Each structure stands twice: as C-alpha cells, then as structure tokens.
Amino acid sequence: MRLPGVAGAGAQGDGETCDMCTLGLVIQSSTVVEGKVRRAFQNQVIGSLTGLDDAACVPSSETTFHLMLEGSPEGVVYIFSLEIHKAGRTASASAQVTMTSGPLPVPTITALPGKVNANQRVVLSSTVESDAPGTVTRAWSVTEEAGTAVLNLSASAATALTGVDLVVGGAYIFKLSVEDSWGPASSSLRVVVNRPPQPGSFTVTPAQGTVLNTTFQMLASDWVDEDNTPLWYQLSYVVTGGTSATQEMLNEYKPDPSTSSMLPEEGLEVAWREVQVFVSVRDALGAVASASAAVVVAPGAELSDTELTSFVDDNLAAGEVAAANGDADTSMLLADGLAAMLNTAANTSRARRRTLLKDAATAAPETELVAARSAQRESMMDLLSGGKASLVPTDSSLERLASSTQKVVATPEELAPALQ
C-alpha cells in the first residue's frame, strides 16, 4: 500500500542519513479478522494485526510497503496508518481499504477533446469491465471544476448532451459513476469550454467609394486567441436598407488579416448607400467572433448600353487576370457584381421598352446587344467555374457559388443556349 505524500521523502529529511529515523506502522481493522499479515520488508513475517513499533529504518530508496491480507471476509474495512518520527517531529498519513469478493468494475470514458465550443454537440460514451455477477449501473454527472453541480445525466453507456448551459471559458468535470455487486467505481475527465477570439480592431478605408471601381482596404488588427493558435479571417458585407439583408461573402476564410476588395453592385442600384462590412475571425476549434465597419458606396454614373458593355468587358478582363494569379475571391466577386449590374440594366431596359411599346410581348431587346450580353455572361460562368476549382467545399462557399451562378443566369433572354 503506497501512502501518498509520506514514504521516501518523509523518511530521509534534511539531507541526514536514515539511521536517525523511527518508523511506526499501525494496522487497524473494523472487525476481528483471523489470519495473518505478511510484510515484504527485510524478509520478516509479522503475525499480528496490532501494529509494528520502532521498526528498522526504511531505506531512502524504499517508497512502497507490500502487505498481503489472508482470509479477510468481504466488507471488512482497514485503515492503514503510517507515522514517521524524527527529532521530536512527526509526519503521518493514512489510507482506507475495503475488502471485496472480487475486483471492482473498471469504467472507461471514450476520449473527448480537452476543449470544446459552447455550441458544440458533445457525445459521452463509456465501457465498463466487470466480473461481478448481476447488472452494472451507470450514472453520468457534470460539475463545474469548483464543485457546483450542473447536470445529472441518464444512466446509459452513450449520452448526448443537449441544452446544457456551459459557460464560455468555464471548466467542467464529466464523471461516470458505476457500481456492480462487488462495489462502486468512477472515472472522470476535464473539459474546458473554448473562448472565441478576443476582439481587436477592424477598419475599412476609404470611407466612401463607387461600386466595382473603388478598392477598399480591410484590416483586422490585434485579434487574439487564448491558446495562441493561428486565426482565420473572412469578409462579408450587407447594404443598409438594400434589396437583401443577407450578408454577401467577399472571400473564404484565410490566415491573412488584410484584404483588398471592391464592393459589388448588389442593392446599390438606387443611390448612395451605407454598406456594413463584416469580419469574422475563427480560431482552430471553429469558434467565431466578429466586428463591422461602415462605408458609403455609390452605384456609379448611369451608363448607356455601349458604356456598360465596355465597363463589363474591362472588368471581366481584370477577373481573368485575377484568376490566372490564383485570386479566386476577386475573380468570383467580379463575376457576381457584373452579373448583378447586367440584371439591373436588363430590368431597366425591359421596363423602358414596355413603357414605349405598351406590349411586353413585342418588347424584344436588340439582337446585337443580346449577343454581347450572352458572351459576357458566358465569361462570368467561366470565372465562377475557375474559382470553384480552388474553393474548399464548405457550406458557405457552396452557397456563395450558387448565389453567384443564379445571378449570372437570372436574365434568360441574355443567355446562350448552353447556359439555358
């Protein structure tokens, strides 16, 4: 029986030799027990349960006593006490042992990550080794590390935690208690609830600009993760009072905290609008914190059909250069924004023709313009297809791709047969 905190260190003390130490070992029983105690120490056999006084000194390298109890009935409780005396000073420790008919059950909890996110689904599972006859009972509990009970879970080998209010940054002890006919045992593990990245600053400059013309510099500075793991950054935007309240992505998550990007036309077809630009900062475990900054963006001067065609061609060329340089975010952003501009222009032109002709059925666009728009939309699809090849297929990236594709094909009369 190893008595923690005493053996070895207490026997040597102050760097003096062990010859000056006196050891007392007392064995107490809750009932009278027949049998004998053997002590594997200097080849001596002790035949009494009353104790051993003034024994020879324990060598400084000895840290364990080996005792064997024979003929002890089940349920007997022993208290093993160890006292060490030296120069008028005393140190002691004790341990309690209950005799059983067989080994206690051995519970094992399937490994969990040491840190989880507050909204993460945690599944606890266990196995129990038991040789005792009869059934084995299981019970889970969760307590704060300070000892406050949080939740008692159902008695099962696999339990999903749902609706448990674990505080961000808190530490919790998940404990599995089991019992068979030979006695109880338990196993536990410690789990910390992850904190999202701690906010720094987020700036967007200049304070105002024009759609698909002004390049805005977006910078997230001094964001910190408590575990000092690398952070990843994603940019999105929404137009205040625009046609959609959905945040439109500007890029996938990347380790660079700075981004240079234009803002597309979506929602800006009327006048100057405030645009909220958001940064989402993600840590290695997927916890996200965010911040935003506002800029003012103008839809740009109204363009004639010819001017719009030239503007779109120039930006498609810029998108192809970006794609060739591996900048899929910019090429896809341009395809998305240019498609929205063409859709706005097509809706305006359709409404104008209807007003002039009073008959939507005969309000057909010019053949030459349709051919130009068709070729441009086909080029936009090429940019999206090229960007898709470099995207990590996440829910957000696939939603972004689907949204941009929908904009490209939103005007059927301007689509080539291959895109219809």
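Which residues are exposed on the other side of H5? In this predicted model, Asp-395, Glu-399 and Gln-406 are exposed there; exposed means over 50% relative accessible area, buried under 20%, and partly exposed in between (1.4 Å probe, protein chains only).

**Basis of the description**

Residues are numbered from 1 along each chain as its sequence is written, and side-chain values use heavy atoms, with hydrogens and water left out. As the model is predicted, local features need pLDDT of at least 70 and side-chain atom pairs count only at pLDDT 80 or more, whereas totals for chains, interfaces and linings use all residues.

**The chain and its confidence**

The chain contains 5 helices and 23 strands; helices (H or I, at least four residues) and strands (E, at least two) are DSSP runs, numbered from the N terminus. Of its 420 residues, 38% count as buried. Among contacts in the chain with a separation of 6 or more, 65% come from residues 24 or more positions apart; a contact means heavy atoms within 4.5 Å.

The mean pLDDT of the chain is 75, and 69% of the residues reach 70 or more; pLDDT is the predictor's confidence in each residue, from 0 to 100. Over residues 27-62 pLDDT stays under 50, and the model has 74 contacts beyond four places in sequence for them. Where pLDDT is low, the predicted coordinates should not be read in detail.

**Helix H5**

Helix H5 comprises residues 395-408, and its 14 residues should span 20 Å at 1.5 Å a residue; the end C-alpha atoms are 20 Å apart, which agrees. The expected span is 1.5 Å times one less than the number of residues. The buried residues of H5 are Ser-397, Arg-400, Leu-401, Ser-404, Lys-407 and Val-408. Seen down the helix axis, the buried residues fall within an arc of 125 degrees, so they line one face of H5; the arc is that of the directions from the helix axis to the C-beta atoms. An α-helix has 3.6 residues a turn, so residues three or four places apart point the same way.

Gln-406 belongs to helix H5 and is exposed, with a relative accessible area of 57%. Its C-alpha atom is separated by 9.2 Å from that of Ala-339, 67 residues apart along the chain.

**The sheet E16-E18-E21**

An open sheet is formed by 3 strands in the order E16-E18-E21, with antiparallel pairing; two strands pair if DSSP finds at least two bridges between them. Strands E16 (201-205) and E21 (258-261) stand at the edges with a single partner strand each, so one side of each is left without a neighbour in the sheet. On average, neighbouring strands of this sheet are turned by 10 degrees against each other, direction ignored; axes are lines fitted to C-alpha atoms, for helices over the stretch in contact, and angles run from 0 to 180 degrees between N-to-C directions.

Strand E18 (residues 216-221) is joined to E21 by 4 bridges, and Ser-258 in E21 is the bridge partner of Leu-219. Ser-261 has 7% relative accessibility. Beyond four places in sequence, Ser-261 touches Thr-214, Thr-215, Phe-216, Met-218, Leu-250 and Leu-333.

Strand E19 (residues 232-239) has 7 of its 8 residues buried, so it is largely enclosed by the rest of the structure.

**Pro-107 in strand E8**

Pro-107 is found in strand E8 (residues 106-109) and counts as buried at 11% relative accessibility. Not counting residues up to four places away in sequence, Pro-107 touches Thr-127, Val-128, Leu-176, Val-178, Ala-185, Ser-186 and Ser-187. The C-alpha atoms of Pro-107 and Leu-176 are separated by 7.4 Å, although these residues are 69 residues apart along the chain.
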